[in-house]
Amino acid sequence: QLPLVESGGGLVQPGGSLRLSCTASGSTLANYSIIWFRRAPGKEREGVSCVSGSDSYSSYADSVKGRFTISRNSAKNTVYLQMNNLKPEDTADYHCAAGRSPRTLLRCSLEDYWTMPSWGRGTLVTVSS
């Protein structure tokens, strides 16, 4: 398992932006598919965005499409989730999950976080005026 650590959460007003980071201290994220998922109070977990291990494929939930962008900086061993035009319904604990397989090298699925062996503890995003 990777020691995943998320950061970048906080309190932001509606319409604002945040950039979340997912990194693994002492371990490389190279070739790992990363999924960002969230859990809002009283709701089920929801896959938000994912990127394949080769960075050739990414996917977004309909609820965040056009507002969120996932990216990887290999030199910094970090995967980011840039969140723009945040809405109160984006309030949640955000986690990253990592997994590596021949399939996830080329594609990813937002529901796959359940099967990934490594999860971070999360970072809280609160969108409120």
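User: Which residues of β1 make up its covered face, and which its uncovered one?

Analyst: Happy to start there, keeping in mind that this is a predicted model. In a regular strand, side chains alternate between the two faces of the sheet. In β1 the uncovered face has Val5 and Ser7, while the covered face has Leu4 and Glu6.

User: Which residue in β3 stands opposite leucine 4?

Analyst: Good one to trace on screen. β1 and β3 (residues 18–24) run antiparallel and are joined by 4 bridges. Within this pairing, valine 5 stands opposite threonine 23. Leucine 4, for its part, faces alanine 24.

User: In what order do the strands of the open sheet lie?

Analyst: The sheet is built from 4 strands with antiparallel pairing. Its edge strands, each pairing on one side only, are β1 (4–7) and β7 (68–73). On average, neighbouring strands are turned by 15 degrees against each other, direction ignored. The order is β1-β3-β8-β7.

User: Leaving aside neighbours within four places in sequence, which residues is glutamine 13 in contact with?

Analyst: Contact here means heavy atoms within 4.5 Å. Threonine 78 lies 65 residues from glutamine 13 in sequence and 26 Å away in space, C-alpha to C-alpha. With the neighbours within four places in sequence set aside, the contacts of glutamine 13 are Val127 and Ser128.

Conventions. Residues numbered from 1 in each chain as written. Predicted model: local features only at pLDDT ≥ 70, side-chain atom pairs only at ≥ 80, totals over all residues. Heavy atoms only, no water. Pairing = 2+ DSSP bridges. Helix = DSSP H or I, 4+ residues; strand = E, 2+ residues; numbered from the N terminus. Axes fitted to C-alpha atoms, helices over the stretch in contact; angles between N-to-C directions. Buried < 20%, exposed > 50% of the residue type's maximum accessible area, 1.4 Å probe, protein only.
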